Amino acid sequence: MSTTDAQKQLSEADHLWINANLMTFEGTESYGTLNNAIIASKNGRISYIGSMTEDLLDTLSELSNSQANKITDLQGKWLSPGLIDCHTHLVYGGNRSQEFEQRLTGVSYEEIARQGGGILSTVKATRKATHEQLEASALKRIEHLLNEGVTTLEIKSGYGLDTETEIKMLQVARSIAEKIPANVTTTFLGAHALPPEYKDRADDYITLICEEMLPKVKAENLADAVDAFCENIGFSPVQVKRLFEHASSMGLALKLHAEQLTDQQGTQLAASFSALSVDHLEYVSEQGVKTIADSGTVAVLLPAAFYYLREKQLPPIQWLREYKVPIALATDANPGSAPCTSLLLVTNMACTLFQMTPEEALKGVTINAAKALGMDQKVGSLAVGKQADFAIWDIDAPCDIPYAFGHNPCVAVVKDGELVLDKLSS
C-alpha cells in the first residue's frame, strides 16, 4: 500500500490504536509480531494494519489535532486478537461443589451417583431451572472470561437430555449472545449422556434426538453445530454416526467429544464427516491423528479437565505437531469435570501439563480456536477485513500471558471496534 493510500485509510478510520506491539497470528513470524504499529477499524472491521513509519507521522499529528477522540496511544502495550473459548458448557443449573468435597473425603464417584449426584444431578437441576435462572448464572461465569479478553465463545447444551430442556438451554445461549460484547456460537449436545428414563435404551434415545430434538433445533435456528460424546460411558461410534448423518443432512456443522478415556476411533468417524473439531483426545492413536490431519479437523485440547480429573494419559502433542494438526485450547467450563472460567489459566496448563510452547498455547485460543468454530475468516487473527475484536495487554512479551497464572494482564477489550473494557487509565 502506498503512503497516500495508507494516509487515506487512517483519515477515514473510526478509531486508531497507535504505538502498539501486535500479535497478529498471521504469517510465519513468531506470534505474527509487528512492533511499533498502527491498527485501525472502520464499521467494526479492521481497516488498516501497518508500521508507524516516518511518512505517516505527519498524518497522525494532523489527526491527533482534529480527531483526538478516535486515537488511542497504547504506549508500547501489546494488542492481540480477542481470545476465543471454543468449547464450553456454561449454561446449567445447580452446583456440584459438595460432590467435590465428598470425593476429597473418600466418597467414591459411584456412591455419589447412587445418591443422585454426578451428571444426573446437573440434569435434574437444569430441567427445574427457569430460563431466567439459567441465564443469570451463566452470565456470572461468562463475566470472568470477558474480563480476560474473550470476545468469542461457544456454548453447548447437553444437561437437559429431553427435548424441552435442550431447547431451553439453547434459547438461553442465544439470548446471552444479545447481552454480552462477544460472538456466541451454540452447539446442540443432546447426545451427552443417557437420561434416566432411557436407561439401557441408548438406541431409542438416539432415535428421539434424530426424529424429535434435531428437527426442532433446526426449525428454531438454535444451533450452529451438533456434538456428541463418543466414549465407552457415552455413545458408540455406530450411534454417533446415525446422529451425524441426520445432522449433516440438515446442514449443521459437526463436533465430537472423542478419545477422552479410551480409543473408540471417534476421531476417524469425525474426520469422515469433515467435522470442525474433535475434543479431548488423550487416547487418540497415531492413525487417528493422521486422519484428522487429512480432513482439516481441529484438535481441541482441554487441560482443565485433564487437571481436575487428575488424568495420567497425555494427549499426543508430538504427533499433532508432526502431522501439522491445528491445536486449539478451551476451558471446557462445566460443573463436573472442569469448573474453570479462566482461559488464561488454560494457556498456562497447556504449557505446564502438555508441554506446549507459549506460542502454541496462544494460537490455541486465537486462530486455531477460530478454526474449531469455523470462524477463522472472521476472527482469530489480526487481518484487514476481520472483525475489530482486540485484547490489549500490559506485558513485556507475548509469552508473559501463559507464563504467570492467577494474574490477568488484560487492560482493555475492543469488540467490533468499540472499547468494551477499559483499564488503560487506571
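## Helix H6

A residue is called buried when its relative accessible area is under 20%. In this predicted model, helix H6 has seven such positions along its length: Leu134, Glu135, Ala138, Arg141, Ile142, Leu145 and Leu146 are buried. One of these residues, Arg141, is also the place where H6 bends, by about 25°.

The helix covers residues 131-147. Beyond the helix comes Gly149, which has a positive phi, near 95°.

## Division into domains

The protein chain is divided into two parts. Domain 1 is made up of residues 3-82 together with 382-422, while domain 2 takes in residues 83-373. Taken over C-alpha atoms, the centres of domain 1 and domain 2 are separated by 33 Å.

## The interface between the domains

At the interface, 29 residues of domain 1 are in contact with 22 residues of domain 2. The size of an interface is often expressed as the accessible area lost when the parts come together. For domain 1 and domain 2, the buried area is about 1800 Å², and carbon and sulfur atoms give 67% of it. On the side of domain 1, the residues that lose the most area to domain 2 are Phe25, Gly82 and Pro402, which together account for 32% of what that side buries.

What number of salt bridges does the rule find across the interface of domain 1 and domain 2? The rule finds zero salt bridges there.

Technical notes. Residues are numbered from 1 along each chain as its sequence is written. This is a predicted model: local features need pLDDT of at least 70, side-chain atom pairs count only at pLDDT 80 or more; totals for chains, interfaces and linings use all residues. Side-chain values use heavy atoms; hydrogens and water are left out. Helices (H or I, at least four residues) and strands (E, at least two) are DSSP runs, numbered from the N terminus. The expected span of a helix is 1.5 Å times one less than its number of residues. The bend at a residue is the angle between axes fitted to the seven residues ending there and the seven starting there. Buried means under 20% relative accessible area, exposed over 50%, partly exposed in between (1.4 Å probe, protein chains only). Domain bounds come from an automatic or database domain assignment. Contact means heavy atoms within 4.5 Å. Buried area is the accessible area (1.4 Å probe) that two parts lose on being put together, summed over both. A salt bridge is a side-chain nitrogen of Lys or Arg within 4 Å of a carboxyl oxygen of Asp or Glu.
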